[in-house]
Protein chains: 4
Amino acid sequence: MSSMFGTFLRVSLFGQSHGDAIGIILDGFPAGMRIDQKRLQAEMARRRPGQSNMTTQRREEDLPEFLSGVLEGRTTGQPICAVIRNHDMHSGDYGDGVDVIRPAHADYTGHIRYFGWEDWRGGGSFSGRLTAPIVAAGALCAQFLEEQGIRIESHISRIGSISDRSFADFGDDTDFSFLKEMAIPTLSEEAGKAMQQEILNASAEQDSVGGAVECQVRGLPAGLGSPFFDSVESVLSHLYFAIPAVKGVEFGSGFALAGMRGTEANDPFRISDGKVVTITNHAGGINGGITNGMPVVCRIAVRPTPSIGREQHSVSLKRMKNETLQIHGRHDPCILPRITPVVEAMTAIGILDLWKERGACLSSSPIQAQ
Amino acid sequence: MSSMFGTFLRVSLFGQSHGDAIGIILDGFPAGMRIDQKRLQAEMARRRPGQSNMTTQRREEDLPEFLSGVLEGRTTGQPICAVIRNHDMHSGDYGDGVDVIRPAHADYTGHIRYFGWEDWRGGGSFSGRLTAPIVAAGALCAQFLEEQGIRIESHISRIGSISDRSFADFGDDTDFSFLKEMAIPTLSEEAGKAMQQEILNASAEQDSVGGAVECQVRGLPAGLGSPFFDSVESVLSHLYFAIPAVKGVEFGSGFALAGMRGTEANDPFRISDGKVVTITNHAGGINGGITNGMPVVCRIAVRPTPSIGREQHSVSLKRMKNETLQIHGRHDPCILPRITPVVEAMTAIGILDLWKERGACLSSSPIQAQ
Amino acid sequence: MSSMFGTFLRVSLFGQSHGDAIGIILDGFPAGMRIDQKRLQAEMARRRPGQSNMTTQRREEDLPEFLSGVLEGRTTGQPICAVIRNHDMHSGDYGDGVDVIRPAHADYTGHIRYFGWEDWRGGGSFSGRLTAPIVAAGALCAQFLEEQGIRIESHISRIGSISDRSFADFGDDTDFSFLKEMAIPTLSEEAGKAMQQEILNASAEQDSVGGAVECQVRGLPAGLGSPFFDSVESVLSHLYFAIPAVKGVEFGSGFALAGMRGTEANDPFRISDGKVVTITNHAGGINGGITNGMPVVCRIAVRPTPSIGREQHSVSLKRMKNETLQIHGRHDPCILPRITPVVEAMTAIGILDLWKERGACLSSSPIQAQ
Amino acid sequence: MSSMFGTFLRVSLFGQSHGDAIGIILDGFPAGMRIDQKRLQAEMARRRPGQSNMTTQRREEDLPEFLSGVLEGRTTGQPICAVIRNHDMHSGDYGDGVDVIRPAHADYTGHIRYFGWEDWRGGGSFSGRLTAPIVAAGALCAQFLEEQGIRIESHISRIGSISDRSFADFGDDTDFSFLKEMAIPTLSEEAGKAMQQEILNASAEQDSVGGAVECQVRGLPAGLGSPFFDSVESVLSHLYFAIPAVKGVEFGSGFALAGMRGTEANDPFRISDGKVVTITNHAGGINGGITNGMPVVCRIAVRPTPSIGREQHSVSLKRMKNETLQIHGRHDPCILPRITPVVEAMTAIGILDLWKERGACLSSSPIQAQ
């Protein structure tokens, strides 16, 4: 199925870019949480376009309306349906039906997948716009997790040729909340400025540029996840790769582990303040698919925005002939500045699913061996 | 859930490394396929240990016994249960209960996850041994897909500092079947030899070494997969990250896309022999989560084997004190030579699930628009 | 999970009786079907209250708005979200929070289930009003199935002491389409009149009355469903028991089989027009969980409406004391006249799920043995 | 899928009647439970054939072997695989391939479903023999639930024309453990004797006879289950209808509610010992799909055994002609004496799934409103 995910917490996504509305159902969300509206709006604002010259000029208020599952500002435990209306649609920008397919877009694959019946307007089901309800759902999950002491943070670790510093360069107790306030969330101010220039350069050349996000989850208890098909990595990567434009996911030292020796990669355990910790964290907080209590750390590779102003080679589906294509209309030269809240939202959804599974185990196996 | 996966084709995995047997159920497998026993045994042999001085000396015949779902050598359409007996177990090697936890293993996380009741012997549920039934299930899926013209191939793209060439360096019609015959399957003979030396070096130093696998699927029709939660990338990465030791997954140009411009990354379409193809394949055959008919290409990062002969720092769970640890017993200095059939098996399972979903759509939406 | 169901076709239900809106997502619906709006509205009208003196006077237009998955009147293959706004709410009727719990309602169990945070207004998630989006989703499924030659029909087989005739009393080719036009759909006109009187009698005594529905599916191919957990009976009963007030489900001769001998209950096979048929249909068209090509027939028991005007014994949750309770406001003395479209909708949803599964098998196992 | 069920606790069933072995995987079972082998064997013995002149003479030891998930007699929390070998098979009894199909069996539907490739020997996947691993899995679940104070009990409420008394005729604290010791478990000794005669009569006439089971669950907390698709009735009926030969399921007063008024059917609440209880239990302990703390009560209708010695009318699939058929070999004239442990096992599996879901909610929504 395309639009549903989860076991203990389930999401069900719907909507097309230029339909009347988009939205999401969140089933299994805990009852009794007072929704922090400011926090929710701040998350929505981070993802929203039209905020600077680096993002598309489409303007959407993007405030989710809760059709169900919320009473007097609190979650009721019943399915939450959050709907976001589409207002500022310029379907005219996209031409008359799918014909000359845009490279790296889903025009062609969607046409095959839905036998030509798909809502192709503005990218239809494939649009990055669908990430708005995901951010709404994720914001609720993240708020709940925060109330349990679990924090999810991310920054842009790379755009084009510019790399940021890493979370690992900072102390365990560093407060990274400043990241949520930044248009280009980076750990190094310089890197942020260079990235901004990288984006403007790409934009000036009617081009786009890719990048990567580093995300971490702190405050997790050990014991979340399972070996094999519900490893923490399996669940989170499933969600990350559901984000349009994501093409790579790695945990801990990830691909760098391919070049390491075991002596370097094995994170030694030690006792610290009566707790088991590891000295290094090449495993990204996950051993055998299960959290070990250290921060869960991952990096997500994001391809350059497919929509570029330059003329491209393509084909006409209607005439089955080679063609050239010029894309008009609004589009981001780089989606990295807007993708961090989406990555955090997906993380929150996945972690809350695993957290509930853990809760079920805790309540059914209360006795500890030995 | 830890041990089940899939929608149209479902697998259900069970067993511990040193229990009586391990196995897998495969539900939803097509009826009427004559199982190619030679092919199946060849796949099992590729994964089996004890074949050279580069792999653990544990000897297992690893021939799956089909308890159900197979009649007179043909699949019946009913659930297939494949069981593999454990014979050559040396539990004594692993000591007396979980106490001093092995770095980078799941000793600690499994202990927390299962409240101290887990079968810890030989790694229990976390053992790489559990990949044997996965290879058996995957071999059936791969045979079925081959009969539909879909081929899955992989090679070791990296071990330590040594890199192999890439599938993309060869022509579209290259026959890569030789890879299945090689102890160290590489595209470049030289790279293979250098990798062998890299492993022997690590082994000589009582150390281990990591690497990466490149896998491709050729012959896929366009239209498999869905946007968002059942993107091809989501389904396959879910399965790959279920393989012990996998820490990174990327599709197409993956993390390299982070440094690219759109003009470079966008794969231009063209018509070739009346079919829509792309000139480059940075997207790894997937646009918007859906196959576009080009080869699906991915790379999987594999950490160094956690078990190394050198003394390591760790803690005793029983006394909650820092300790040192020396691991004895058999273990691979590098699991790359044995992991390629597992990667292919997971690929085959995921692709067949998506292929059946496509079949359901094809049979319910026969009319093409326009 | 409370609100999602299905494997190949999935529904996801949301909304509370007195929230802003209720709705449903339908994922996996075939692409390219032109929605018959008249047919859809007719189905909605059959379920709608306020149509006679036998049903509640709440007036709702109940026209579903498709927020996604429909383009220019055709399904796109993408998730369909149908939303129905709530307009005519009298929350005042229901008092100030859950205190004195209504017998046979979910006031108490919902209070426990959701820890006191539930949206209790108008029955909240438990309201029969939630069946409106189910009817909308079912109407689409039923239209699709009809286009494949599969018809779903139902009538009220019993209200209180009055029983209707049975589908089995009529010839195989009888046209039962008249049932959809009737306020009290019965096969015998007399029974219908007597049932109407039975309802009016109950209403006059500020009481309510129960009944049963008989539903059949004709035109099904043999081979839908599976042994054990996805038997046709398992899937359909799962859906029927999701309808509020349903307390019994039987297939074929159902409970009467408990009193039969095998010689009577075994439906003999014979060849008719080159097809395998059965002479009797005590099995309700299902052998071993799989359709045999005969009509699938079932009966669903519906309890009397819990809301009655008479004073009842109950307890105050707030004071944990025995109390009496008088329910005011609108309510149906008998929900049977409105439940038949809901039963048909659930049937259509379940059958289409099984039909898609069959499609996946047909497309992957094309060769017939022998 | 045919062979898997559950959300938080999942079962995965495999095997054919005359294959090498049958079995089940139980995933999500709590860790640390010491398996009561005697209790398990007693449950297996209740279902086992060959114990009297009223059941088939096939002799199977039916002791499940745990291939995984159990260490030193305790569950480990990892997937449990229980396998039962088939020994006493007389495939010759069943003839040479599916040709003349047995009425009321799945010979025909299985043939269509699996395209002629099915393992038809001894009923293949459809055999009642598959209930043996279900009883094994259920016995573990029931033991766990008992340790939480939850008891599951059943008796034969009807065979042919003979009815037993009902659980409701006895006091709340009645000890019904004697039922597990009886060959024909009834509440009334007389009824049991009359049932025995009913079976012998049917047997003497080479015929079979149907019946019904009443099952109850005591000690359940209020709050299990959910409205709509995961109602307690939906989950349990799904499981009951997976049992071969089950054709009807009703909860509480079930079909009798069709003839009742609301004044009679509404169970009044009252406070007893500081707890909310109901005076009557027409709802079978379930309001709005959720347990209310009263016993969950249901009745399951079981058709007469399809296998009878008398000559029957049928057709030859190979020649597509009408034929007569005489079934030889062993078969039960009535499966009721052996079906009660299966009903209890399915109940235990379903209740433990719901119980774990409740655990996840309890651990994530600890605060009670008001």
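How many salt bridges are counted between chain A and chain B? The count is 8, a salt bridge being a side-chain nitrogen of Lys or Arg within 4 Å of a carboxyl oxygen of Asp or Glu. One of the pairs that meet this rule joins K247(B) to E233(A). Their closest N and O atoms lie 2.9 Å apart.

The model is predicted: local features need pLDDT of at least 70, side-chain atom pairs count only at pLDDT 80 or more, and totals for chains, interfaces and linings use all residues. Residues are numbered from 1 along each chain as its sequence is written, chains are lettered from A and ligands numbered from 1 in the order in which they are written, and side-chain values use heavy atoms, with hydrogens and water left out.

Polar contacts were also counted across the interface of chain A and chain B. The rule finds 53 such residue pairs, both residues at pLDDT 80 or more. A polar contact is a pair of N or O atoms within 3.5 Å; within protein, one must be able to donate a hydrogen and the other to accept it, and residues adjacent in sequence count only if both atoms are side-chain atoms. On the side of chain A that touches chain B, the residues divide into 58 nonpolar, 40 polar and 19 charged. Here Ala, Val, Leu, Ile, Met, Phe, Trp, Tyr, Cys and Pro count as nonpolar, Asp, Glu, Lys and Arg as charged, and the others, Gly among them, as polar.

In total, 117 residues of chain A contact 117 residues of chain B (heavy atoms within 4.5 Å). About 9,500 Å² is buried between the two chains, and carbon and sulfur atoms give 62% of this area. Buried area is the accessible area (1.4 Å probe) that two parts lose on being put together, summed over both.

Strand β11 (residues 246-251) of chain A runs antiparallel to strand β11 (residues 246-251) of chain B, and 3 bridges join them. Strands (E, at least two residues) are DSSP runs, numbered from the N terminus, as are helices (H or I, at least four). Two strands pair if DSSP finds at least two bridges between them. V249(A) stands opposite V249(B). A245(B) lies in the loop between α5 (232-240) and β11 of chain B. Its phi is positive, about 90°, although A245(B) is not a glycine.
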